Amino acid sequence: MAASEENSALFPIFVLTIMALPLVPYTLVKILNAFSRKMITIHCQCSVCSRSGKYRKSVFKRISNFSTCSNLTLVLLWIVMVMLIYYIKNTSHEVKVFEPFSILGLEPGASDSEVKKAYRRLSIQYHPDKNPDPEAHDYFVEYISKAYQALTDPVSRENFEKYGHPDGRQGLQMGIALPPFLLNIDGASGGILLLGIVGVCILLPLMLAVIYLSRSAKYTGNYVMHQTLSAYYYFMKPSLAPSKVLDVFIKAAEFMEIPVRRSDGEPLQKLFVLVRSELNLDLKNIRQEQAKFWKQHPAVVKAELLIQAQLTRESAALTPALFRDLRHMLEVSPRLLEELMKMALVPRTAQGHGWLRPAIGVIELSQNIIQAVPLSARKIAGGSSEGVAPFLQLPHFNEAIVKKIARKKVRMFQDLRDMTLEDRFELLTQVAGLSTAETKDVEMVLEMMPSLTIDITCETEGEEGIQEGDIVTIHAWITLKRGSGLVAALAHAPYFPFHKEENFWLLLADSVSNDVWISQKVSFMDENVAIAAASKAIQELKEGSGASLKETNAAVREAIGRVKSGSRLVMGKFQAPAEANYNLNAFCLCDSWIGCDKKTNLKIRILKRSRAGTRTAPLSEEGAAMEEGIEEEKEEEEDEYDDYESEYSEDEDEKDSKRNRAVANGAVDHNGNGSSSEITDNE
């Protein structure tokens, strides 16, 4: 029994040890990471963003930032550890070793007469006949009598002096540091223990598995409902105009689950009046168009009106309930738009190509939602092929200011960005009528806007030219520069209530045939991930080409340097199509900023495959002649590229394809356009 009590007393120590082994190192690592993390401000600091309160470090926001699941679990575990330490400190007792000489108050080696004399003295003090105290009785029986017996019996005394115990040599005792109720499983305690084991080991994992499977059956890995993906796939069309992408976007099942209350009727009617000009209604038959609009599913009507409230910046007119619904829609919108983009890029043709036109429309819709700019602002107006949309994302800008600066020949957004600080300050203060503080806000936002460059090449392994059916590898370095010097940043989006990281999409596409050959999402937020990916890709490429270890290491170091300076490597492969000359476009599209997209021309010549499997013609002479002619033809060819319109317009048939030009493989034109609207045709 004593051994059992001793083992159960060690149970808290056992639990404390098991908890401390992982908890202490994890806490130290987390604290060191917190102190070593550089506090860099990566969000916009203009007055409009500051007033939005999105980045304000209030006490509640600091608590909410700390109150993550991992942090709260860590604190809870430390509280349990402190309680265990306190419990152990106050309940632990030293194990008493049986010492008969000490019990009788004698020195070791005392004679029998001294033992008897000490026993008689203690008997007078503790014997039950002399002392009625129960504790005295227990002490006399448990200690004094046993000590006297151990020292008066010759065998017991010899064992004690030789082995330290009256019973002789003692064997090793093993125990389990568990509480008594787990070791005593007789009767009712056994049933409770059995129920606990069944509940923890069987029922709890089963319940978690059911919850996980039910959720995974409803949602994808990106927390988007499977029903949403089905709807997006069904409604996605190759000729879907950017203005029609919104109609597909609002078909998400997440929006259909938002309740349509009876109290929403009147506020939605008022909102309809405010955003009616953005709904693409036929003004000639306005009554029929309005009736047709309200006959749609109530959830679709509500979703479209709320999105239009975001685009037209009319969210202040919403009731608190509708405003909460809008916040929920905006919270899930980045995930939905990403999945909608994937549905546009999913291989649909026999060659495994996606569709360019709807992909550009999805990006444009994302830009407008983040920046809260109406889709109609992309209409070609005032001699500008990009509309006023890029200007409206700047703080304190409106259409009246855009008209004022247009009189000074600043019609394109890139013209405003290319101006010197002095000229832009004079334009904004004297022509646009902005104050010095407002001009400073505009400069802050312009410094946060990214400028992109694309360096793209293509090749086949071990060959100089590209034949039909060859596997072609592209290498694209996307470089991002900002006036602020940052690489990773959050977009200026004062009307979007959540933090929005910039995401970019690289598309290698044939604008004439509407085919996207290669697509990949690019992020500049995590430098370490980009370094690891670039290093691995370059190392595999060099090892596959038979480069030496020294050359491989040098190439990897160069790639790491480029990543640290603000570049990202994108690699992709495609199978060479039929023999022809292809004028492709490499698009780098940003989902958060309007007017920051980049386009580069890539010209590829595909040779006919010979029966013997060799190249049909050497490229030395012909290729050299073509390279010399590329520079002379650049300006003429730029006017001949037939891209899709990036404006708020209806679907239209594609124009006839341009005649193909004979060019060398992998020749790149780096004079690409600098804004999303320049991805379009200038009519």
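**A walk through the model**

So, the surface to begin with: the protein chain has an accessible surface of about 37800 Å², and 56% of that belongs to carbon and sulfur atoms. Keep in mind that this is a predicted model. Mean pLDDT for the chain is 80, with 79% of residues at 70 or more.

There are two stretches I'd treat with care. Residues 1-5 stay under 50 in pLDDT, and the model gives them 2 contacts beyond four places in sequence. Residues 611-683 also stay under 50, though there the model has 167 contacts beyond four places in sequence.

On to the overall fold. We've got 27 helices and 10 strands, and of the 683 residues, 43% are buried. Taking contacts with a separation of 6 or more, 72% are between residues 24 or more positions apart.

Now the annotation. An unreviewed UniProt entry puts "transmembrane region" at residues 12-29, 66-88 and 192-213. What does the model do over residues 12-29? That stretch is 100% helix and 0% strand, with its end C-alpha atoms 26 Å apart.

While we're on helices, have a look at α11, residues 188-218, which is where L208 sits. L208 belongs to a nonpolar surface patch with L204, M207 and I211, and together they have about 380 Å² of accessible area.

K218 is in helix α11 as well, and E257 is in the loop between α14 and α15, so their pairing ties together parts that are 39 residues apart in sequence. The pairing itself is a salt bridge, 3.5 Å from N to O. Both ends are partly exposed: E257 has a relative accessible area of 47%, and K218 comes in at 37%.

How many salt bridges does the count come to? The answer is 15. Let me show you a couple with buried partners.

One is R424 with E443, where the closest N and O atoms are 2.8 Å apart. This pair links helix α23 (residues 421-431), holding R424, to helix α24 (residues 436-448), holding E443, and the two residues are 19 apart. R424 is buried at 7% relative accessible area, and E443 is buried too, at 13%.

Another is K500 with D591, at 3.0 Å, N to O. Here the partners are 91 residues apart: K500 is in the loop between β4 and β5, D591 in the loop between β8 and β9. Is this pair buried or exposed? K500 counts as buried because its relative accessible area is 5%, under the 20% cut-off, and D591 is buried as well, at 8%. There's also a network in which R261, D264, K302 and D325 are joined by salt bridges that share partners.

D591 comes up again from the side of S366. Beyond its neighbours within four places in sequence, S366 is in contact with L337 and D591. S366 sits in helix α19, residues 356-371, and is buried at 5% relative accessible area.

Most residues other than glycine have a negative phi. A372, in the loop between α19 and α20, has a positive phi, near 55°, and it's buried at 1% relative accessibility. H396 is another non-glycine with a positive phi, about 70°. You'll find H396 in the loop between α20 and α21, partly exposed at 24% relative accessible area.

Terms used
Residues are numbered from 1 along each chain as its sequence is written. This is a predicted model: local features need pLDDT of at least 70, side-chain atom pairs count only at pLDDT 80 or more; totals for chains, interfaces and linings use all residues. Side-chain values use heavy atoms; hydrogens and water are left out. UniProt positions are given in the numbering used here, feature names are shortened, and annotations may be inferred rather than shown by experiment. Helices (H or I, at least four residues) and strands (E, at least two) are DSSP runs, numbered from the N terminus. Patches are made of residues with over 30% relative accessible area and no salt bridge: like charges are joined within 9 Å, nonpolar side chains (Val, Leu, Ile, Met, Phe, Trp, Tyr) within 5 Å. Accessible areas come from the Shrake-Rupley method with a 1.4 Å probe; for residues, only the protein chains shown count as cover. A salt bridge is a side-chain nitrogen of Lys or Arg within 4 Å of a carboxyl oxygen of Asp or Glu. pLDDT is the predictor's confidence in each residue, from 0 to 100. Contact means heavy atoms within 4.5 Å. Buried means under 20% relative accessible area, exposed over 50%, partly exposed in between (1.4 Å probe, protein chains only).
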